[in-house]
Amino acid sequence: MGFQQLVSCIPLVENICMYTTSYCYTPTESQAILVVKQGHVTITSSEHSSVICTEAFALNSKDGPFHIHIPKTRSAAFVLLTYRLYPENHQWSLSGNLSAMSEEKIEYMLDELLRTRTSKKTNNEKKGEVGQIIKERIMLERLLYIYMSESSMKRDMKPTISLVEETISYMNQHYMLDINLSVLAKRAGLSVGHYTVVFKNHTGTTVNAYLINLRIEKAKEMLVQSDLTAKEIGKRAGFTDYFHFSRSFKKKVGCSPKNFRNQEKGI
């Protein structure tokens with residue numbers, strides 16, 4: 001699935017609903033994206049074997065109908081967003097499992113679409129309100145872009161992770177040097193944005209937080225194993241000034257570097 005297909009068509013939201021029970025979706029000319037909000041669902045169709053979905057799934061009209069099953073012994077919820085493409089004869093190949101790292105953005109846009117659609121029904125507003133249609137189209141295009149780009153990114157994640165792991169090894173060995181995000185991204189051969197996403201997905205933390213924690217752990221070792229001053233240790237651990245070192249150390253450890261040394265040495 002390439003972006004060229006998205007460039008040459010206009011996607012418009014048809015409907016969006018949230019379900020907490022099993023559902024059969026029979027598309028006509030519509031496409032759909034299923035997003036799991038809670039638990040997991042099993043998706044079956046005449047064209048594909050059963051698939052367990054925990055994130056999102058593109059339901060291509062040529063593969064339907066789709067049976068979406070919620071486990072009987074577990075609760076689950078999913079959003080089904082249906083949309084049409086113009087021109088209508090447009091060849092659209094988006095299908096199957098979708099992944100994303102921008103979960104908060106997706107959550108916000110889905111909630112906004114659900115809210116506005118519910119508001120329309122409650123207030124009996126005209127469905128063809130131009131401003132709302134444009135707003136929905138922008139959010140739909142953004143959703144499609146995120147899923148298409150980040151699904152591709154995750155498929156390529158394995159070799160990319162090895163590049164990020166090399167930079168982690170570099171940090172572990174050279175923590176005392178002036179290391180910043182752009183330096184690490186350049187070493188990995190990735191853009192800063194791509195590197196940031198992969199690093200956080202792999203380690204569960206940001207580059208800055210990882211580096212500070214690493215430097216504090218090294219400083220703790222030096223405080224116990226040497227007689228160097230706390231100021232000198234902070235410098236050797238890679239902190240630019242003692243105030244930053246002391247504040248970061250106290251936030252992480254719960255006491256100042258000097259008090260930590262005294263406690264560890266029983267003074």
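Where does Pro 87 lie? Pro 87 is in the loop between β8 (77-86) and β9 (96-98). The model described here is a predicted one.

## Cis peptide bonds

The bond that leads from Tyr 86 to Pro 87 is a cis peptide bond, with omega near 5°. Another cis peptide bond joins Gly 64 and Pro 65, and its omega is about 0°. Pro 65 is also a loop residue, placed between β6 (56-59) and β7 (66-69). As background, most peptide bonds are trans.

Cys 53 belongs to strand β5, which covers residues 51-53. Is Cys 53 buried or exposed? Cys 53 has a relative accessible area of 1%, and because buried means under 20%, Cys 53 counts as buried.

With neighbours within four places in sequence left aside, Cys 53 is in contact with Leu 34, Val 36, His 40, Val 41, Ile 43 and Asn 97. Ser 169 is 116 residues from Cys 53 along the chain, and the C-alpha atoms of these two residues are separated by 34 Å.

## Salt bridges

The structure contains 11 salt bridges. In general, side chains of opposite charge can pair when their charged atoms come close. One of the salt bridges is formed by Asp 111 and Lys 37, with the closest N and O atoms 3.0 Å apart. Asp 111 is in helix α2 (residues 103-123) and Lys 37 is in strand β3 (residues 31-38), so this pair ties together parts that lie 74 residues apart in sequence. Asp 111 is partly exposed, at a relative accessible area of 36%. Lys 37 is partly exposed as well, at 28%.

Arg 117 and Glu 136 make another salt bridge, in which the closest N and O atoms are 2.7 Å apart. This pair links distant parts of the chain, since Arg 117 is in helix α2 and Glu 136 is in helix α3, 19 residues apart. Arg 117 and Glu 136 are both buried.

Glu 217 is partly exposed, with a relative accessible area of 37%. Lys 220 is partly exposed too, with a value of 22%.

## Helix α7 against helix α9

How do the axes of α7 and α9 cross? They come within 10 Å and cross at roughly 95°. Angles of 65 to 115 degrees count as roughly perpendicular, and α7 and α9 are therefore roughly perpendicular to each other. On the α7 side, the residues that meet α9 are Ile 212, Asn 213, Ile 216, Ala 219, Lys 220 and Leu 223. Their counterparts in α9 are His 244, Phe 245, Ser 248, Phe 249, Lys 252 and Val 253.

Ile 212 is placed in helix α7. Apart from neighbours within four places in sequence, Ile 212 is in contact with Phe 239, His 244 and Ser 248. Tyr 175 is 37 residues from Ile 212 in sequence, and the two are 9.1 Å apart in space, C-alpha to C-alpha.

## Helix α9 against helix α10

Helix α9 (residues 242-253) also meets helix α10 (residues 257-265), with axes that come within 9 Å and cross at roughly 55°. The two helices are therefore oblique to each other. From α9, the contact is made by Tyr 242, Phe 245, Ser 246, Phe 249 and Val 253. From α10, Pro 257, Lys 258 and Phe 260 take part.

## A nonpolar surface patch

Which residues make the nonpolar surface patch of about 280 Å²? The patch is made by Val 130, Ile 134 and Ile 138. Val 130 lies in helix α3, which covers residues 130-155. The relative accessible area of Val 130 is 57%. Exposed means over 50%, so Val 130 is exposed.

Conventions: Residues are numbered from 1 along each chain as its sequence is written. This is a predicted model: local features need pLDDT of at least 70, side-chain atom pairs count only at pLDDT 80 or more; totals for chains, interfaces and linings use all residues. Side-chain values use heavy atoms; hydrogens and water are left out. Patches are made of residues with over 30% relative accessible area and no salt bridge: like charges are joined within 9 Å, nonpolar side chains (Val, Leu, Ile, Met, Phe, Trp, Tyr) within 5 Å. Accessible areas come from the Shrake-Rupley method with a 1.4 Å probe; for residues, only the protein chains shown count as cover. A salt bridge is a side-chain nitrogen of Lys or Arg within 4 Å of a carboxyl oxygen of Asp or Glu. Helices (H or I, at least four residues) and strands (E, at least two) are DSSP runs, numbered from the N terminus. Buried means under 20% relative accessible area, exposed over 50%, partly exposed in between (1.4 Å probe, protein chains only). Axes are lines fitted to C-alpha atoms, for helices over the stretch in contact, and angles run from 0 to 180 degrees between N-to-C directions. Angles under 35 degrees count as roughly parallel, over 145 as roughly antiparallel, 65 to 115 as roughly perpendicular and the rest as oblique. Contact means heavy atoms within 4.5 Å.
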